[in-house]
Amino acid sequence: MKHPVKLALILCTAAWCLAIVLAPLLHSAPIYFLFSRVCHQLPARSWHLYGEQLGLCIRCTSLSLGFLGGLLLLQIPNVRWLKISIAITAMQWLLAVTVMDSELLRVLSGLLLGATAAPIIRTGVEEMFSRVRTAHESM
Amino acid sequence: MNQCKQCGATLPEDSRFCLQCGTENTPSSASTAPQGDLDFLRPAITGGLALGVLSSIPFINYLNACCCLWAQAGGALAAWLLNSQRPGMLKYSDGALGGVLSGLIGAVVATIISIPVQMLLITPEAVEQARTQLQQAQMPPEFVDMIMRFMQPGFDLSRTLISLLLNMIFLGLFAMIGGIIGAAVTARKRAE
């Protein structure tokens with residue numbers, strides 16, 4: 001296999017995204033519980049499916065989907081775009097607490113940040129596993 | 001010192017991609033000059049202490065409900081401290097390793113600090129208030145019971161051990177993400 005770490009990362013992220021949607025479909029308390037460690041899960045800030053909210057809030061769901069999309073579609077890490085998306089997310093948050101909170105802006109900034117972070121994080125994880133493998137082989 | 005063949009930016013040793021323009025660098029263009037080993041321990045302890053303390057103080061720890069923001073900040077702090085040892089030459093994997101270590105240290109710190117915090121702050125009245133709030137969410141009642149099992153007054157060893165395990169998984173994961181992002185951002189800044 002040419003890129004096992006990348007494949008593992010895509011599979012784990014896909015499972016994470018699937019779990020977000022499966023939580024309300026399966027009425028799964030353990031999934032909600034695990035996601036409660038990383039997200040506030042406020043009902044007013046979450047999408048709902050068949051009367052139950054998704055496992056994560058709208059922003060976290062958008063970040064996760066953007067991350068999966070970035071892993072699948074973007075190959076080259078670009079720090080400039082990551083910085084821009086961090087700034088956009090920060091500005092959106094500032095706008096939300098001062099002037100106006102928009103669900104669409106939360107979705108778009110989350111998707112952008114997730115997508116731009118994905119190739120950088122993939123590269124970091126690949127490099128880290130490569131280093132661990134090299135260190136293990138030289139022992 | 002390596003330079004990007006596309007834009008001329010300074011690159012960390014053996015870096016696959018330019019941190020400025022993203023151009024892929026072939027291994028032959030990477031320098032093989034030996035460099036001093038990074039000291040991971042001190043940045044990891046500093047990052048871990050910061051994220052552990054901030055993750056266990058009531059109200060302040062609420063930022064962890066935004067994709068474990070304190071964990072990401074702790075990982076980024078570790079990467080920033082690592083970058084000061086090797087200015088502009090930090091690899092993403094250095095940030096990842098520093099982040100993971102700070103996340104694991106932070107998990108232990110957060111779990112230890114939260115024991116007295118829980119013993120002091122979790123009263124039967126606080127538990128009832130939390131239950132009422134949780135019941136307003138559109139989630140299964142079993143989830144509320146599960147959360148309430150972790151919100152009981154006093155000390156419980158099994159509850160503490162499960163918290164430690166979950167902290168190690170999530171704080172470690174998100175501190176690693178913060179470490180990689182921190183390495184990317186700080187390395188770029190130095191390269192400029």
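**Entry: the length of α4(B).** I then checked the span of this helix, which covers residues 124-135 of chain B. At 1.5 Å a residue its twelve residues should span 16 Å, and because the C-alpha atoms at its ends are 17 Å apart, I record that the two values agree.

**Entry: confidence in chain A.** Before reading chain A in detail I looked at its pLDDT, which averages 92, with 99% of the residues scoring at least 70. Within chain A the confidence is lowest in strand β2 (residues 52-53), where the mean is 91, and highest in helix α3 (residues 58-73), where it is 96. I keep in mind that where pLDDT is low, the predicted coordinates should not be read in detail.

**Entry: the layout of chain A.** I find five helices and two strands in chain A, and from the N terminus on they follow the order α-α-β-β-α-α-α. Taken along the principal axes, the C-alpha atoms of chain A fill a box of roughly 55 × 35 × 25 Å. Of its 139 residues, 42% count as buried. Among the contacts in chain A with a separation of 6 or more, 72% are between residues 24 or more positions apart.

**Entry: where the chains meet.** The contact takes 32 residues from chain A and 31 residues from chain B. On the side of chain A that touches chain B, the elements giving two or more residues are α2 (29-35), β2, α3, α4 (79-98) and α5 of chain A, and the largest share, nine residues, comes from α5(A). By class, I read this side of chain A as 17 nonpolar, ten polar and five charged residues.

**Entry: one helix pair across the contact.** I followed helix α5 (residues 103-138) of chain A to helix α3 (residues 92-121) of chain B, and found that their axes come within 8 Å and cross at roughly 80 degrees. Angles of 65 to 115 degrees count as roughly perpendicular, and α5(A) and α3(B) are therefore roughly perpendicular to each other. From α5(A), the residues that meet α3(B) include A:Ile120, A:Met128 and A:Arg131, while α3(B) brings residues including B:Tyr92, B:Ala96 and B:Leu97. The contact of these two helices has six nonpolar, four polar and two charged residues.

**Entry: positive phi outside glycine.** I noted A:Tyr50, which is not a glycine and yet has a positive phi near 50 degrees. A:Tyr50 is in the loop between β1 (48-49) and β2 of chain A, and it counts as exposed because it has 8 C-beta neighbours inside 10 Å. B:Phe59 is placed in the loop between α1 (41-54) and α2 (69-85) of chain B, and with 6 C-beta neighbours inside 10 Å it counts as exposed.

**Entry: A:Ser28.** Is A:Ser28 buried or exposed? With 20 other C-beta atoms within 10 Å, A:Ser28 is buried, and I place it in the loop between α1 (4-26) and α2 of chain A. I also checked A:Ser28 against A:Val97, which is 69 residues apart from it along the chain, and found their C-alpha atoms separated by 32 Å.

Terms used:
Residues numbered from 1 in each chain as written. Chains lettered and ligands numbered in written order. Predicted model: local features only at pLDDT ≥ 70, side-chain atom pairs only at ≥ 80, totals over all residues. Axes fitted to C-alpha atoms, helices over the stretch in contact; angles between N-to-C directions. Helix = DSSP H or I, 4+ residues; strand = E, 2+ residues; numbered from the N terminus. Parallel < 35°, antiparallel > 145°, perpendicular 65-115°, else oblique. Contact = placed C-beta atoms within 7 Å. Nonpolar A, V, L, I, M, F, W, Y, C, P; charged D, E, K, R; others polar. Expected span 1.5 Å × (residues − 1). pLDDT = per-residue confidence, 0-100. Buried ≥ 20, exposed ≤ 12 C-beta atoms within 10 Å, placed from the backbone.
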